[in-house]
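Please keep the sequence and the model side by side while reading.

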Amino acid sequence: MFHLGAMKEFDAAPESFDLSLCIGASHAFGTYRDALRGLRRLLRPGGLALVGDGYWRRTPAAEYLALLGATPDEMTDHAGNVAAAIEEGFTPLYSCTASEDDWDHCRAAEGRASRLGTHLRTILTPVSDVIRV
């Protein structure tokens with residue numbers, strides 16, 4: 001099952017999935033910790049979550065934050081993301097970071113996916129906001 005939209009609108013029963021994914025979309029839940037809590041609520045005991053989210057590589061400059069319209073507490077460093085997952089009851093099985101090249105490829109693919117998503121949403125929205133596979 002794929003859900004397109006804010007997670008607060010997702011009406012799945014607790015502990016109904018063996019696997020949950022949230023890649024660069026914790027904002028759909030609210031915050032990173034909200035995403036962890038939401039994913040955990042959806043997972044059956046022993047279920048797996050794949051989470052990919054942003055982190056500060058270094059303390060961001062005030063000018064950078066202003067450009068983003070962000071605050072320093074919106075993210076933590078990578079180790080902080082892992083620690084938050086542990087605090088929310090997850091057992092990390094693997095953790096890694098993306099290189100600058102990986103990030104560039106991701107952003108480019110995201111742009112292509114966004115254009116495709118806009119096209120698909122135009123076609124699929126009249127049918128349903130939930131796609132079951």
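Strands, like helices, are taken here as DSSP runs, a strand having at least two residues and a helix at least four, and both are numbered from the N terminus. The model is a predicted one, and with that in mind the protein chain can be described as having 4 helices and 4 strands. Read from the N terminus on, these elements follow the order β-β-α-β-α-α-α-β. Of the 133 residues in the protein chain, 17% are buried, and the chain exposes about 9,700 Å², of which carbon and sulfur atoms supply 58%.

The largest nonpolar core has 9 residues, namely Cys22, Tyr32, Ala35, Leu36, Leu39, Leu43, Ala84, Ala85 and Phe90. The elements that give two or more residues to this core are helix H1, which spans 32-42, and helix H3, and H1 gives the most, with 4 residues. Cysteine 22, a member of this core, is in contact with Phe29, Ala35, Leu39, Leu50, Val51 and Gly52 once its neighbours within four places in sequence are left aside.

Is asparagine 81 buried or exposed? Its relative accessibility is 7%, and because buried means under 20% relative accessible area, asparagine 81 counts as buried. If residues up to four places away in sequence are not counted, asparagine 81 touches Tyr32, Asp53, Gly54, Tyr55 and Thr76; of these, Tyr32 belongs to the largest nonpolar core.

Aromatic rings form a further set of contacts. A pair of aromatic rings is described by the distance of the centres and the angle of the planes. The structure comes to a count of 2 aromatic pairs. One of them joins tryptophan 56 and tyrosine 64, whose ring centres lie 6.3 Å apart with 75 degrees between the planes, an edge-to-face arrangement. Tryptophan 56 is buried, with a relative accessible area of 12%, whereas tyrosine 64, at 43% relative accessibility, counts as partly exposed.

The charged side chains complete the picture. The structure holds 6 salt bridges, and one of them joins glutamate 87 with arginine 33, the closest N and O atoms being 2.3 Å apart. Because glutamate 87 lies in helix H3 and arginine 33 in helix H1, this pair ties together parts that are 54 residues apart in sequence. Glutamate 87 counts as exposed at 55% relative accessibility, while arginine 33, at 27%, counts as partly exposed.

Another salt bridge is formed by glutamate 88 and arginine 37, with 3.1 Å between the closest N and O atoms. Here glutamate 88 lies in the loop between H3 and helix H4 (100-124) and arginine 37 lies in helix H1, so the pair ties together parts that are 51 residues apart in sequence. Glutamate 88 counts as buried at 16% relative accessibility, whereas arginine 37, at 42%, counts as partly exposed. Through shared partners, salt bridges join Arg33, Asp34, Arg37, Glu87 and Glu88 into one network.

A salt bridge also brings together the side chains of glutamate 100 and arginine 57, at 2.3 Å from N to O. Glutamate 100 is in helix H4 and arginine 57 in the loop between E3 and helix H2 (62-68), and the pair links distant parts of the chain, 43 residues apart.

Technical notes
Residues numbered from 1 in each chain as written. Predicted model: local features only at pLDDT ≥ 70, side-chain atom pairs only at ≥ 80, totals over all residues. Heavy atoms only, no water. Buried < 20%, exposed > 50% of the residue type's maximum accessible area, 1.4 Å probe, protein only. Areas by Shrake-Rupley, 256 points an atom, 1.4 Å probe, with all protein chains shown as cover. Contact = heavy atoms within 4.5 Å. Core = buried A, V, L, I, M, F, W, Y, C linked by side-chain atoms within 4.5 Å. Phe/Tyr/Trp six-rings, centres within 6.5 Å; stacked < 30°, edge-to-face > 60°. Salt bridge = Lys/Arg side-chain N within 4 Å of Asp/Glu carboxyl O.
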